[in-house]
Amino acid sequence: MADQNNLNSNEQQHDLNLPKVLIHGPQGFSSVLQPPFSQNFHILNHSSLPLHQFLATHTHHCSSVAALLCDGGYPVTADVLRLLPSLRLVVTASAGTEHVDLDESRRRGVRVAGAGNMFSEDVADLAVALLIDVVMKISAADRCLRKRVPLGSTGFPLASKLAGKKVGIVGLGKIGLEVAQRLEALDCIISYNSRTQKPLVWYPFYSSVVELASNNQVIILCCALNEQTRHVINREVMLALGKGGVIVNVARGALIDEKELLRCLVEGEIGGAGLDVFQNEPLVCQQFFGLDNVVLSPHAGFSTSESYLGICQLVGRNLEAFFSNNTLITPVI
């Protein structure tokens, strides 16, 4: 019994000597840090308590937290950073970094690592799938079939061809390019809007989103969310897109003015939408549920088994690289 107590004591002492990593995410998120990487860190998991309450009641631990591993829906604000005085690294399992206060991180000398291009192919696949579903009325037809609405009746939705559709992509980064390549293979005509024109891209460039919408039948959102892009898809853009137009969003919900989107969908000012992200996630406006011209997905663009295994490896490798004084695998700052 004494030997067992000594063994447990030695294990606890060993954990205390390891770099402390605070997990900031939903229940179960800690599983993203798996062996063998997890064995190299003293892991603190606050998911049973609100973060600020955990930090206030565990000051002896939190004062020496060296790294924070977070999910995209869990903000790392200036207040959080101030409560972690020994923090040196933030690793996010999200493709976006708008939930991390990058300015405050820089000011404090805190490094940030992201998911890089881990999810780009999956998100691009979902963007094309949503577009095909909206245009070909797959989900709407499925609902009709289950209700025994006969093909050819007035209640059965008439689909549209995808080939030949003019598609404008907002944000031609890695995901946007993956979307463009897939849609080119489906004989769509591609153009884009981005912060700057891409010198090595031959797709037509439009300097404003309104102009892009005026010249296309589909808008696909693949850009980052920031103060310049918040509600970049407003009523003016929707009206420019027109009554048969389709909007697909696989980026961030707040890129679209959701109230105006609902109004335009209900009033027939645009033709349809495919949405993987929403303005108030995880809450989704219930008005979307009753619309047959909308296809919804629960922010699932990254939810493939392959990408899950990949992000588990990536967050572990970033932590391992940092604490070995090596270059981060996917640095943000």
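Analyst: The largest cavity holds about 40 Å³ of space. This is a predicted model, where local features need pLDDT of at least 70, side-chain atom pairs count only at pLDDT 80 or more, and totals for chains, interfaces and linings use all residues. Residues are numbered from 1 along each chain as its sequence is written, and side-chain values use heavy atoms, with hydrogens and water left out.

User: Which helix gives the most to the lining of the largest cavity?

Analyst: A cavity is a set of points, on a 1 Å grid over the protein atoms alone, where a 1.4 Å probe fits but cannot get out; lining residues have an atom within 4 Å of a point. The lining consists of Asp133, Val134, Lys137, Ile138, Ser139, Ala140, Asp292, Asn293 and Val295. Helices α6 and α7 (138-146) each supply at least two of the lining residues, helices being DSSP runs of H or I with at least four residues, and strands runs of E with at least two, numbered from the N terminus. With three residues, the largest contribution comes from α7.

User: How many nonpolar, polar and charged residues line the second largest pocket?

Analyst: A pocket is an open set of points with protein on both sides within 12 Å along at least five of seven lines. The second largest pocket, with a volume of about 170 Å³, is lined by Glu258, Lys259, Leu262, Arg263, Val266, Gln279, Asn280, Leu283, Val284, Cys285 and Gln287. Ala, Val, Leu, Ile, Met, Phe, Trp, Tyr, Cys and Pro count as nonpolar, Asp, Glu, Lys and Arg as charged, and the others, Gly among them, as polar. By class, the lining has five nonpolar, three polar and three charged residues.

User: Which loop holds Pro282?

Analyst: The peptide bond from Glu281 to Pro282 is cis, with omega near 5°. Pro282 lies in the loop between β10 (272-275) and β11 (294-296).

User: Where is Pro36 found?

Analyst: Pro35 and Pro36 are joined by a cis peptide bond, with omega about 5°. Pro36 belongs to the loop between β1 (20-24) and β2 (42-45).

User: What is phi of Arg148?

Analyst: Arg148 sits in the loop between α7 and β6 (166-170). Arg148 is a residue other than glycine with a positive phi, near 65°.

Conventions
Grid points are joined across faces, edges and corners, and a volume is the space filled by probe spheres set on the points.
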